[in-house]
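Me: I would like to learn how to read the features of a model like this one. Can we take them one at a time?

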Amino acid sequence: MLAWHQVAAGIVLDGRIHRGSRNMAGELNLVDDGPAAPEHWAELESVLPVLAAADRGDPDSRAELDRFADRAARQIAYLTLAIDPQLIVLGGPVAGRRALTDRIDARLAALLRRAYPLELAVTQFPVFGPSLGVLQMALSSTFDALLGDPAFPARIDIGPLLAALADHRRRMPQAVGV
């Protein structure tokens with residue numbers, strides 16, 4: 001999932017990127033589902049002060065993040081229930097900011113409480129994911145046009161990411177019930 005001023009998803013099914021019949025699979029930002037992020041979020045330099053202010057406790061900035069997290073969590077929940085993924089990875093330039101990801105994670109847990117626990121991770125390469133997806137799609141189209149090779153693109157192995165996530169959870173202090 002790309003979490004920035006909009007939400008979009010790269011979908012990997014059975015180790016292969018799935019784009020759909022119109023190359024629009026995962027374009028959650030096309031669903032008009034409540035208030036969108038403010039226009040100024042399209043520029044990273046404009047989002048960073050909002051995140052910093054939310055970290056400091058500014059109520060207006062927190063409300064702005066809450067509105068975005070509400071919409072993002074709904075869109076991610078819809079896709080989660082449609083394809084039943086093993087793991088959801090958040091990426092994008094602000095995915096590593098807990099002020100945003102904690103809100104999305106909490107809302108997803110509430111929305112999917114009757115479904116199943118959701119594995120949510122944040123990529124260590126927040127900027128490269130969309131670029132790599134575009135590159136792989138271009139290579140796939142080229143191979144298909146030139147060679148008709150159905151074996152491309154190569155499978156994506158998420159095993160190392162799952163292992164790193166499990167290791168991270170083992171190192172996290174466990175919450176104690178009150």
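Predicted model: local features only at pLDDT ≥ 70, side-chain atom pairs only at ≥ 80, totals over all residues.

Me: How many helices and strands does the protein have?
Reply: The protein has five helices and six strands. Read from the N terminus on, the order is β-β-β-β-α-α-β-α-β-α-α.

Me: What percentage of the residues of the protein count as buried?
Reply: Buried means under 20% relative accessible area. In this protein of 178 residues, 30% count as buried.

Me: And what can be said of contacts between residues at least 6 apart in sequence?
Reply: Of those contacts, 73% join residues at least 24 apart.

Me: Now the helix pairs. At what angle do H1 and H2 pack?
Reply: The angle is about 115°, and the axes are 7 Å apart. Angles from 65 to 115 degrees count as roughly perpendicular, so H1 and H2 are roughly perpendicular to each other. Their crossing is left-handed. On the H1 side the contact is made by Val50, Leu51, Ala53 and Ala54, and on the H2 side by Ser61, Arg62, Glu64 and Leu65. By type, the residues of this contact are five nonpolar, one polar and two charged.

Me: How do the axes of H2 and H3 lie?
Reply: Helix H2 covers residues 59-83 and helix H3 residues 98-111; their axes come within 8 Å and cross at roughly 45°. H2 and H3 are therefore oblique to each other. The crossing of H2 with H3 is right-handed.

Me: Which residues of H2 and H3 meet?
Reply: From H2 the list is Arg62, Leu65, Asp66, Phe68, Ala69, Asp70, Ala72, Ala73, Arg74, Ile76 and Ala77; from H3 it is Ala99, Leu100, Arg103, Ile104, Arg107, Leu108 and Leu111. The residues of this contact divide into twelve nonpolar, no polar and six charged.

Me: With charged residues in that contact, salt bridges come next. How many does the structure hold?
Reply: A salt bridge here needs a side-chain nitrogen of Lys or Arg within 4 Å of a carboxyl oxygen of Asp or Glu. The structure holds five of them.

Me: Which residue forms a salt bridge with Arg107?
Reply: Asp70 does, with the closest N and O atoms 2.3 Å apart. This pair links distant parts of the chain, since Arg107 is in helix H3 and Asp70 in helix H2, 37 residues apart. Arg107 has a relative accessible area of 21%, so this residue is partly exposed. Asp70, with 31%, is partly exposed as well.

Me: Which residues are linked with them in a network of salt bridges?
Reply: The network is made up of Asp66, Asp70, Arg103 and Arg107.

Me: What does Asp55 form with Arg97?
Reply: Asp55 and Arg97 form a salt bridge in which the closest N and O atoms are 2.9 Å apart. Again distant parts of the chain are linked: Asp55 is in helix H1 (residues 44-55), Arg97 is in the loop between strand E5 (88-90) and H3, and the two are 42 residues apart. Asp55 counts as partly exposed because its relative accessibility is 46%. Arg97, at 26%, also counts as partly exposed.

Me: How far apart in space are Ala52 and Arg97?
Reply: They are 9.4 Å apart, C-alpha to C-alpha, and 45 residues apart in sequence. Ala52 is in helix H1 and is partly exposed, with a relative accessible area of 26%.

Me: Which value does phi of Asp84 take?
Reply: Phi of Asp84 is near 55°, a positive value in a residue other than glycine. Asp84 lies in the loop between H2 and E5. With 51% relative accessibility, Asp84 counts as exposed, because the cut-off for exposed is over 50%.

Note on methods: Residues numbered from 1 in each chain as written. Heavy atoms only, no water. Axes fitted to C-alpha atoms, helices over the stretch in contact; angles between N-to-C directions. Helix = DSSP H or I, 4+ residues; strand = E, 2+ residues; numbered from the N terminus. Parallel < 35°, antiparallel > 145°, perpendicular 65-115°, else oblique. Left-handed = near helix turned anticlockwise from the far one by under 90°. Contact = heavy atoms within 4.5 Å. Nonpolar A, V, L, I, M, F, W, Y, C, P; charged D, E, K, R; others polar. Buried < 20%, exposed > 50% of the residue type's maximum accessible area, 1.4 Å probe, protein only.
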